[in-house]
Amino acid sequence: MKPILFNFTDSELIEFLEKLGQPKFRAKQIREWLLRGAPDFASMKNLPENLRKDLDNSAQTLPVKIVKKLESSDGQTTKFLLELHDNEQIECVLMRTSYGNSVCVSSQAGCAMGCKFCASTLLGLKRNLTVNEIFSQILVAQWELRSDRFSDRAIRPNGDANNEDVSHIVIMGTGEPLQNTENVIGFIERANKDMGIGWRKITVSTCGIVPGIKDLTAWGRPINLAISLHAPIDELRSQIMPINNKYKLAEVLDAAFEFSNLHNRQLMIEYILLGKKNSDGETELFNCTPEYAEKLSNLLKDKNCMVNLIPWNAVDERDFASPSGNAVHRFQDILIKNGIHTRIRRERGQDIGSACGQLRLNNKKA
Ligand code: SAH
């Protein structure tokens, strides 16, 4: 396997280049390119051509290699399929929005959580990602944004010039971040320090690993926390999320509100709206009946939170259906009537399988 230069310390990089007969300052030049996300040595324009070739033969730039890039039809979302040194594959998604450029990163290759509606967990967990593997996902996105200036995307549909920096990070890709808390925290610290991304522009989403939420509280940074709730009562939640057998709703919400209240932040609640097809082929509501809307309202009454409603995104292997637009609005109306802040999440990149829950491990057929 070729050494990955991004993983080298500064002195290791200098040593490696000395062996190729290169002076010290090359290490600094290469480090700058790596931090810009340069995917290959050919892009490192201030290096002599023979060095670029030597490096190409003997080393790799980042710990992730782009295997495939998919663009949504509106041109605003890009999904990257990335390969790691051990041939595992992960996905990350760049979303160009009116408020900035947001990157959704994966924290694990695969996922062990077994949620019944999600594609990410279909093949189980392969392994945790390292800090560098998570960080490289935003570098890949950053590099892509720089190349936007040479494309139609230099100007956004609303006429604004495109901002070329990653401004927001959501740790909502494949995997359960709070099963890899140490590396996720290491990654966030790094994104803040090296890329200047504010704590408040970073969101960690969890299915409700209570000790992990407590670790975030002890860590003390004012990031955003999102809880994948998806049901207002334990009995229903346990049917679709096995983790609920370990950490019950009340315990999860207590830990989560302790975190968000500490930082005076609104807790984000994610709630997928799930239907099921009956034998006549009609869609019956599963977790989004009016009765469940009332129960959810009671659970969150007077709490500082925002409920993001996400109509289920299709996953072929999963036996659910998306409820009708009417059912979605009826559910939302009940929450609003009860004074709960709520919005319907606009999904991005459904046409390229990059919406919530559609990211998968080995997307070799993508
Ligand atoms: N494991 C973490 C991070 C994944 S975030 C967590 O559970 O929060 C991905 C979000 O998309 C989660 O809220 C997840 O429950 C949701 N999701 C999973 N499958 C989905 C699907 N098919 N349609 C819409 N949302 C889905």
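Select Val307 first, and you will find that it stands opposite Thr342 in E14. Strand E13 (residues 305-311) is joined to E14 by 4 bridges, and the two run parallel; strands here are DSSP runs of E with at least two residues, helices are runs of H or I with at least four residues, both numbered from the N terminus, and two strands pair if DSSP finds at least two bridges between them.

This is a predicted model, in which local features need pLDDT of at least 70 and side-chain atom pairs count only at pLDDT 80 or more, while totals for chains, interfaces and linings use all residues. Residues are numbered from 1 along each chain as its sequence is written, and side-chain values use heavy atoms, with hydrogens and water left out.

Next, select helix H10 (residues 325-337), which packs on the sheet and touches strand E10 (267-273), E13 and E14 (contact means heavy atoms within 4.5 Å). The direction of H10 makes about 165 degrees with that of E14, where axes are lines fitted to C-alpha atoms, for helices over the stretch in contact, and angles run from 0 to 180 degrees between N-to-C directions.

Now show the whole sheet: 10 strands form an open, mixed sheet in the order E1-E2-E3-E4-E7-E8-E9-E10-E13-E14. Strand E1 (65-71) and strand E14 (341-344) are at the edges with a single partner strand each, so one side of each lacks a neighbour in the sheet.

Finally, select helix H5 (residues 181-195), which lies across strand E7 (168-171) and strand E8 (202-206) and runs at about 175 degrees to E7.
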